[in-house]
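Dear colleague,

I am handing over the structure we spoke about, and I would be glad if you could read the notes below alongside it.

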4 protein chains.
Amino acid sequence: MAWTEHSIMARRGVAKGQPGKQHSITEASQGRYHYVYGPYAAPVLHVEPGAIISAETHDAFEGRITSESDRPSEILNFPFLNPQNGPIHVHGAEKGDALAVHIRSIAPRGPQPCGTTCMIREFGGLVATGATALLNQPLPEKVRKLHVTQDGVRWNDRITLPYQPFIGTIGTSPEIEAISSLVPDYYGGNMDLPDVGVGAIIYLPVNAPGGLLYLGDCHAAQGDGELCGVAVEHPTVTTVQVDLIKGWTLAWPRLETETMLMCIGSARPMEDAVRIAYRELIRWMVAEYGFEESDAYLLLTQCGRVRLGNMVDPKYTLGASVLKSIAGEAR
Amino acid sequence: MAWTEHSIMARRGVAKGQPGKQHSITEASQGRYHYVYGPYAAPVLHVEPGAIISAETHDAFEGRITSESDRPSEILNFPFLNPQNGPIHVHGAEKGDALAVHIRSIAPRGPQPCGTTCMIREFGGLVATGATALLNQPLPEKVRKLHVTQDGVRWNDRITLPYQPFIGTIGTSPEIEAISSLVPDYYGGNMDLPDVGVGAIIYLPVNAPGGLLYLGDCHAAQGDGELCGVAVEHPTVTTVQVDLIKGWTLAWPRLETETMLMCIGSARPMEDAVRIAYRELIRWMVAEYGFEESDAYLLLTQCGRVRLGNMVDPKYTLGASVLKSIAGEAR
Amino acid sequence: MAWTEHSIMARRGVAKGQPGKQHSITEASQGRYHYVYGPYAAPVLHVEPGAIISAETHDAFEGRITSESDRPSEILNFPFLNPQNGPIHVHGAEKGDALAVHIRSIAPRGPQPCGTTCMIREFGGLVATGATALLNQPLPEKVRKLHVTQDGVRWNDRITLPYQPFIGTIGTSPEIEAISSLVPDYYGGNMDLPDVGVGAIIYLPVNAPGGLLYLGDCHAAQGDGELCGVAVEHPTVTTVQVDLIKGWTLAWPRLETETMLMCIGSARPMEDAVRIAYRELIRWMVAEYGFEESDAYLLLTQCGRVRLGNMVDPKYTLGASVLKSIAGEAR
Amino acid sequence: MAWTEHSIMARRGVAKGQPGKQHSITEASQGRYHYVYGPYAAPVLHVEPGAIISAETHDAFEGRITSESDRPSEILNFPFLNPQNGPIHVHGAEKGDALAVHIRSIAPRGPQPCGTTCMIREFGGLVATGATALLNQPLPEKVRKLHVTQDGVRWNDRITLPYQPFIGTIGTSPEIEAISSLVPDYYGGNMDLPDVGVGAIIYLPVNAPGGLLYLGDCHAAQGDGELCGVAVEHPTVTTVQVDLIKGWTLAWPRLETETMLMCIGSARPMEDAVRIAYRELIRWMVAEYGFEESDAYLLLTQCGRVRLGNMVDPKYTLGASVLKSIAGEAR
């Protein structure tokens, strides 16, 4: 029996975690991709809880970086970056509910080399940027095109990295704001957190009617922090199952795997993102796992785990997690 | 002769800084106030460069906090906070231009006590918040209603603060984003910077056709940092003159007074806001005042001034300035 | 054959990683423990490279918190906290060299319950502190005394955490400064990084003649970030082997295990600690593993790992690492 | 009558603010200058409260940068930077007391050009540094030697800045630590805050017997933030009057002028320094000026002032102040 049969999605979802109708979003049916998370775009799809949706995602550059001699800053046109599929309207989703998104598969698509990473002028974790605004000269731009298959990401003759794909950007619409898909925040967005990978279930707060799920920006591999700002970006077919949990009001995204529970925070400076993630995790343990707050605080001090997602986006993203074996049974 | 006759607005504006047609935005003509800075709302007004506009602004709470026994967190309904007048469409404004906004007058309106300050649960510079997420218990909420006239803000029998009004939130629309009016950023917004006061000219980047100017959130008095997060908020009649500078592409807002030039940055952590402001000021001195970059850097080290606007909003705002007597003549 | 036979310590150490003379530091021979890392205390021991040293470490509270009814803030007496064994003078160590410290074993000592964790007033990752100075009331203090053996840390009837001990505080003396043992910095100190555990080799810069190694503050278990500020503190017998690498000038501590290479940074805000760690790792890969800087930067973007040590000390500590299988052979 | 006759120093000092015996510290009598604030150096002077002390201070480079063709990074030898006069032992000073230091005069000394500013490799507010560790190339170094007299700092043919001297580095010894004179912290140190100028009284916590006052690093002029990290450094004769306030236990330095009360905080990130300063100011207003905490918090929101000292040192320094006319009479 799959662990997902005991997941929160299965226990509390409107569709009880059961797969429903299948849908697909192709490049053609998507038409125009989106560069903001907001309520002002018409849904590309209306689904019922349980729906299984396969989406043809673009890479973060909409496929425009095609050669190692390309200069990203000449090609990219802010704010038209990080194209997103969606929005997907989930029937019955209302402010105060949560969407559950089970990531069933991610597969590369398109001609090889289908992976791209690069250094972009004034962008990245170890360079001066528009936000950390310094007088130093920018580094030269550099593009790497990479052969990516399910068997791995070929870096060079010696190094092949495992293919460990995840969804870099996924979330729901804010209620009245429309925020760049480059930003991560309370509704999800550009979190660039490798835990949002195949097999995991991410839970997202619903802020607007129908939830309005967006996703895109899948990564074939990424280290902690997404150091230079560009993971192994690649176009994919990504398949998710979407369920709806009524009345589960989340302040920030949460994530469940077979073995752990995670809360995700995004903020600057980085310590604020960790604080958000750990405070949410404590609140969750208190609300649903029977802990007293001070005991959860002391216990996570000894066994909490932190994953750095990105240290490059407008807000940094980290996840704080606890093993289910330690959290115990939900009540 | 007024200094404004030699201002950048006068020298480079389409209307040459000359006052044009008068307009007014009343509560009635505004109708619904706005809670985001974005391009998705229809303009309340279309004007030509030089237009003089008087707007009936609401206070940041839309007048809903009426008594010292009110509990802000029970009354306020995020994200419907910080109501803005506008958007105002300026004829001819295109991406890459700048709006010049000369603040001509700000006057309190409405029945006394028309001023409000308060402590709001999990909001402010010296408390745990949603972003600096801690386990400490929130402080009790507290409301002060204050008598505010042109003669001062009456704090108590002993203390009356001078009436030094400014526009807390002013800016243009982003190109495709719609951002909460609680946020300051490159387009202006909720900067809460006291220098944006009567007599000053603020220059704002145009990102969307017509510029789409919003403003509101006037403060009768405010200290550096807006410590608890709520200045002396009050409804006003605010009168500005709007001009348009073609082809002046600003990365961040700038401000001019009779004696100084200022660049304004908004970011977290706070040092990043100062870096933005000072780097922009150096770039300005290099581009238009004949300085070499290293000389401007060394000189501002000896004579630059920094004003802390807010240390409470989603991004902190600071301005870095230099005296015109030091910057010299623009070239 | 043990991996350590191919370690950097073995390849470059004066003693070639071979174990030398055995020494022990007992509570009696240590006499007064130390609360600063500095060159002003007389060495408790002079050793040759290769020396094996067993030290009776105190817990971070010098054993003064003995009951769950104790109030830490009444017992603890800043700056006399976090008592350290040492300093140990390593023959031949000069500024510009590195000490290699192989952690051979850590075992609990003393009567049960020998483990202590607690919430301390205005200290910790999720509370207002002296540095993040807020007006919120402090949380109540709380002490947990824990049964700790090699078999585990008994949290309660349901939860026993594995015994995963490491050295919380270890480092060399600065050249002329004497810094509180509560602080982590370029010389090591209070890093609270779980990777500094049994089996690992930590490399520390030598700043003062003899290196002047200090260590203490062993933890029986700790989560990422040491959330409340107090891990499972316990007194131990800790055994290390110390070697000396001449002319290896480190800006920050480095760590080696069988499978990975790590650089450690300590700073506030947290992003600066990650930047330090990753930049050092890139510099290491360039200097000794044949990478071009931009290639190391792009590669770590895809496969670097980050471990959060502490988010509670005067500086936060993180380690950035790469697998040896990816870094390749040292040149 | 001078305002100082009503100062806190006059009201509470052991010497009642009355000038006592005159002392001088010449280069010869100082002998070796100091590079750490700590208790391990022998006092250069023992004085009684009320003592007036004239000290020949060096500039921050100990006079070693003598030409505009010098390369600072080749000349400067960390940690032997920022030489300090002292320590001065004040009779009767004990942990828990405060020293009052009234700055009576600062005058340039030595041959012209006696002022120095420069850009130092990997140091400064708008460049990548050892703490904000990036991959960008450093800026070229650059030295300016400046003619400095009481009449001004001659920048170039067009610009002469007013001579507004202050003490860049002043403080007491920690109890057991010895901290680099490049660092500002709770005991004072390298605050680089222009308010510490002629006429002001700074109050410093006593941590070690005799207080052990150090001072040096006088600046002829400095902008807010000390942007490039090097103000107009110059050697001086600096004259201060030192008094002792028994039982006034300060967590951080405070400052008094004729018109205002200031608290000074030093931390990273910058918002933490402001928080420290404002919280201390609120605590002061509550303890000695009769305010309720929430009223002080709300009032400073409307009238507090913040001065940015440095944004370049290992901790950033800011002062938060309130007018005496608003604070009212001390009780």
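What follows is a short account of the sheets, a helix pair and a chain contact.

This is a predicted model, in which local features need pLDDT of at least 70 and side-chain atom pairs count only at pLDDT 80 or more, while totals for chains, interfaces and linings use all residues. Residues are numbered from 1 along each chain as its sequence is written, chains are lettered from A and ligands numbered from 1 in the order in which they are written, and side-chain values use heavy atoms, with hydrogens and water left out.

In chain D, an open sheet of 9 strands has the order E1-E4-E17-E6-E15-E18-E19-E21-E20, with mixed pairing (helices, H or I of at least four residues, and strands, E of at least two, are DSSP runs numbered from the N terminus; two strands pair if DSSP finds at least two bridges between them). Its edges are strand E1 (22–25) and strand E20 (305–310) of chain D, each of which pairs on one side only, and the twist from one strand to the next averages 25°. E1(D) runs parallel to strand E4 (residues 52–57) of chain D and is joined to it by 4 bridges; His23(D) has Ile53(D) as its bridge partner in E4(D).

Helix H4 (residues 270–288) of chain D and helix H5 (residues 293–303) of chain D have axes that come within 9 Å and cross at roughly 130° (axes are lines fitted to C-alpha atoms, for helices over the stretch in contact, and angles run from 0 to 180 degrees between N-to-C directions). Tyr278(D), Leu281(D), Ile282(D), Met285(D) and Val286(D) in H4(D) meet Glu293(D), Ala296(D), Tyr297(D) and Leu300(D) in H5(D), contact meaning heavy atoms within 4.5 Å.

Between chains, 14 residues of chain A are in contact with 14 residues of chain D. The area buried between chain A and chain D is about 1100 Å², of which carbon and sulfur atoms give 61% (buried area is the accessible area, with a 1.4 Å probe, that two parts lose on being put together, summed over both). On the side of chain A, Leu126(A), Leu135(A) and Asn136(A) lose the most area to chain D, together 46% of what that side buries.

With best wishes
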